[in-house]
Amino acid sequence: MSERQPWIAGILALIYPGLGHVYLREWGRAVMWFVLALVAAVIVIPEHAFDSFEASPSFDGLLEATEIIQAETEPLGIATLGVIVGFSVIDAFVLARRSSTDSTDEQLEPKTEKPKCPECGKPLDEDLDFCHWCTTKIDKKKIEREED
């Protein structure tokens, strides 16, 4: 899997909480942030702002709803939405940063050579007695003797 960029995750989370987590394929967190932002917006934004946009679902209706939101939303409500967006950005950035650090740590560790399937040549899972790629039955004792 390709390495995910922390700044892209942060910018997407800034656009809408949860988008950065979708980029990181953190589905549970994405849904949590999306729902949290949606519920907070429904609680904080005056109901008649939604009604004005429903009455005229156009650019003019959106402008009118935006004006109502700016004029009538309490500062504490706007701060609450800002905090949710801010924490979403931080969470997405840190998750992406942590995953990129983990992947570079894996690259630094020496990789041991796994035994390969005699039929298809792909690496074998040591816990199975068959190749999970081509389903060939594997004799573990034979593979161990070949490694020595």
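Residues are classed as buried at under 20% relative accessible area, as exposed at over 50%, and as partly exposed in between (1.4 Å probe, protein chains only). The model is predicted: local features need pLDDT of at least 70, side-chain atom pairs count only at pLDDT 80 or more, and totals for chains, interfaces and linings use all residues. Numbering starts from 1 along each chain as its sequence is written, and side-chain values use heavy atoms, with hydrogens and water left out.

One aromatic pair is present. Its members are Y16 and F34, with 5.1 Å centre to centre and 50 degrees between the planes. The pair is tilted. For rings of Phe, Tyr and Trp (its six-membered ring), pairing requires centres within 6.5 Å; planes under 30 degrees apart are stacked, over 60 edge-to-face, and the rest tilted. Y16 lies in the loop between α1 (6–15) and α2 (19–23), and F34 in helix α3 (residues 27–44), so the contact ties together parts 18 residues apart in sequence. Helices are DSSP runs (H or I, at least four residues), numbered from the N terminus. Y16 is partly exposed, at 27% relative accessibility. F34 is also partly exposed, at 42%.

Helix α3 has 18 residues. At 1.5 Å a residue, the expected span (1.5 Å times one less than the number of residues) is 26 Å, and the end C-alpha atoms are 26 Å apart, which agrees. Buried positions in α3 are A30, W33, A37, A40, A41 and V44. These fall within an arc of 110 degrees seen down the axis, so they line one face of the helix. The arc is taken from the directions from the helix axis to the C-beta atoms. W27, G28, V31, V42 and I43 are exposed on the other side.

Terms used
Helix = DSSP H or I, 4+ residues; strand = E, 2+ residues; numbered from the N terminus.
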